[in-house]
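Please view the structure first.

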Amino acid sequence: MTEKKENDKIRKELFYKRQNGYDVIDVKEHMAVEDYCKDYMSFLNDARTEREAVRLGIKEAEKRGFAEYRRGMSLKPGSKVYFNNRGKALILAVMGTRPLSDGCVIAGAHVDAPRLDLKQIPLYESDELAYLRTHYYGGIKKYQWVTVPLELHGVAVLKDGKTVDIVIGREKDDPKFIITDLLPHLAQDQMKKTMAEGITGEGLNILIGSVPYDDGGKDRVKLAVMSILNDQYGIMEEDFLSAELTAVPAYDVCEIGLDRSLIGGYGHDDRVCAYAELKALFDIKDAPQKTCVCILADKEETGSDGVSGMKSAAFDCFMEDLCAEQVVDVRRCFENSFCLSADVTAAFDPIYPDAFEKTNDAMINYGMGICKFTGARGKYDTSDASAELVAYLRRIFGQNKVVWQLCEMGKVDKGGGGTIAKYMADRNIDTIDAGVPVLSMHAPFEVVSKLDCYMTYKGVYTAYTAD
């Protein structure tokens, strides 16, 4: 061996180099990537809100033998149960052969996404046009939501207690809605403002109708709109007071690129990880060694507060009930448990390189992104996973040929983000963030890599089934 070849060998052995996933997988796995992503795209099209994601999750779970958990029910290895938290969050479990005192394996994602919620008194008329007032939910760039076709999804609970599901805009022939913007010819003053100031929160009002009711009275367009809603859904204006209605982008999920290697759609953050968790849990064939738990949480985008968020005691109560059946202290279970906080991360974008630190940020097609910590700047507001935990993932992912990458979220002083990880770690559960890198995160139309989606599923499945 020549000296140059010897040096190249030493360099290869001593240096670390990430690899593009398509340079690693074979043809058979490439086909598996495509098959997995077809099903994921269908899921994302149908799960436009957290309520719809939960309903769809329950439907698919019941097809696979999961039963709704009832306190005190008998459980054995292989038992499959789920807990529906108020229709907005979901916890599923497959009981393991080992006792819960040995801990469990948890994967936790969230199914809420940035959106526009209708205010409780939303409908008004101005200059013979009807509008809906909104209050944006989660971190958005407000200017991205104007001139975008929108759908309405949600529920209204009527005075008599009846719940009415409302979906307008999802079907091909349904009408869509819009927030208008100024034409460039008249926008000189608007364009002098910063991007944050150009479109205001109070300006995100949705155009919903223009034809007046034929009675010669006041607010005729508003009345015509209300008449349509009453005819179709039986609701009156007062019923908006007890409604949860949301405007989401009216885009179908689609393949992006001539090579069809990417997926574009609304709500990848974080339903792309929620689907990976569900699919991984469903694919467990026999009773796992440790009990496997899948969490689809709500309210992550607004801080994980509330009864359906990850700060809620709902998760603790569910786990306490499972532990009680085995006469196990839930605290002993938690201290021996492991959690993948399955949330997306920012993908390096070559168009905006100044925001990223390329060496340590996730790359498209380089696999599942593992974030040792999230938070902001000086690692504030985060859980920082231990070296031992990272080494554990290195071992099991290497053994199972999971393509993965260790990453942060942008340059240190630029900002950062949060997940449910710190709330799981607060329960004394070893936790680390892991998920799919996303381009245009929190935009009405986000982009992910098919390979990264599949490898996130494969990573969660590996965590569930590892010895």
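Start with a cluster. Tyr-36, Tyr-40, Phe-43, Tyr-275, Tyr-454, Tyr-457 and Tyr-461 are joined by ring pairs. The model is a predicted one.

Across the structure there are 17 aromatic pairs. Planes over 60 degrees apart count as edge-to-face. Tyr-69 sits in the loop between strand E1 (67-68) and strand E2 (80-85), while Phe-318 belongs to helix H8 (residues 314-325). The pair therefore ties together parts that are 249 residues apart in sequence. Tyr-69 and Phe-318 are both buried.

Helix H8 also carries Phe-315. This residue forms a stacked pair with Phe-334, at 5.7 Å centre to centre and with 5 degrees between the planes. Phe-334 lies in helix H9 (residues 330-335), so the pair links parts 19 residues apart in sequence. Are these two residues buried or exposed? Both Phe-315 and Phe-334 are buried.

Rings also meet charges. The charged end of Arg-115 sits over the ring of Tyr-137. Likewise, the charged end of Lys-379 sits over the ring of Phe-373. The table gives the distances.

| Charged residue | Ring | Charged end to ring centre |
|---|---|---|
| Arg-115 | Tyr-137 | 3.7 Å |
| Lys-379 | Phe-373 | 4.2 Å |

Conventions
Residues numbered from 1 in each chain as written. Predicted model: local features only at pLDDT ≥ 70, side-chain atom pairs only at ≥ 80, totals over all residues. Heavy atoms only, no water. Phe/Tyr/Trp six-rings, centres within 6.5 Å; stacked < 30°, edge-to-face > 60°. Helix = DSSP H or I, 4+ residues; strand = E, 2+ residues; numbered from the N terminus. Buried < 20%, exposed > 50% of the residue type's maximum accessible area, 1.4 Å probe, protein only. Lys NZ or Arg CZ within 6 Å of the ring centre and 35° of its normal.
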